[in-house]
Amino acid sequence: MSELNLILAGFLLVNLLAALWRVARGPTPADRLLAALLFGTVGVAILLLLAFAGGEAALVDAALLLALLALITGAAFARRIWREEHDERS
């Protein structure tokens, strides 16, 4: 089972390379943010797969921290965009 987890982690790492391309070439800031949130989501998945494959409990804690940081980043971006749209209407 741990071999399958490592293979899946490698596949997700390749997906991160595609997201990195989108961050660099994204036409709008929203596209770049979604790719950055993808980093957080895939990073959590990779850390959890590695934790289950290797039995490291500290990787689960790191995955939880990364998920929390991705949530805060998304909320901060949404608040900033909301404020800019509200200022333009006034």
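I started at Asn5, which touches Leu49, Phe52 and Ala53, leaving out residues up to four places away in sequence. Contact here means heavy atoms within 4.5 Å. This is a predicted model, where local features need pLDDT of at least 70, side-chain atom pairs count only at pLDDT 80 or more, and totals for chains, interfaces and linings use all residues. Numbering runs from 1 along each chain as its sequence is written, and side-chain values use heavy atoms, without hydrogens and water.

I placed Asn5 in helix H1. Helices are DSSP runs of H or I with at least four residues, numbered from the N terminus. Asn5 has 10% relative accessibility, so it counts as buried (under 20% relative accessible area, 1.4 Å probe, protein chains only).

I then listed the buried residues of H1: Asn5, Ala9, Leu12, Leu16 and Ala19. The buried residues of H1 pack against H2.

Next I checked the packing. H1 (residues 2–25) and H2 (residues 29–54) meet at about 165 degrees, with axes 9 Å apart. Axes are lines fitted to C-alpha atoms over the stretch in contact, and angles run from 0 to 180 degrees between N-to-C directions. H1 and H2 are therefore roughly antiparallel (over 145 degrees). I noted 21 nonpolar, two polar and three charged residues in the contact of H1 with H2. Nonpolar covers Ala, Val, Leu, Ile, Met, Phe, Trp, Tyr, Cys and Pro; charged covers Asp, Glu, Lys and Arg; the others, Gly among them, are polar.

Note on methods
Helices (H or I, at least four residues) and strands (E, at least two) are DSSP runs, numbered from the N terminus. Angles under 35 degrees count as roughly parallel, over 145 as roughly antiparallel, 65 to 115 as roughly perpendicular and the rest as oblique. Buried means under 20% relative accessible area, exposed over 50%, partly exposed in between (1.4 Å probe, protein chains only).
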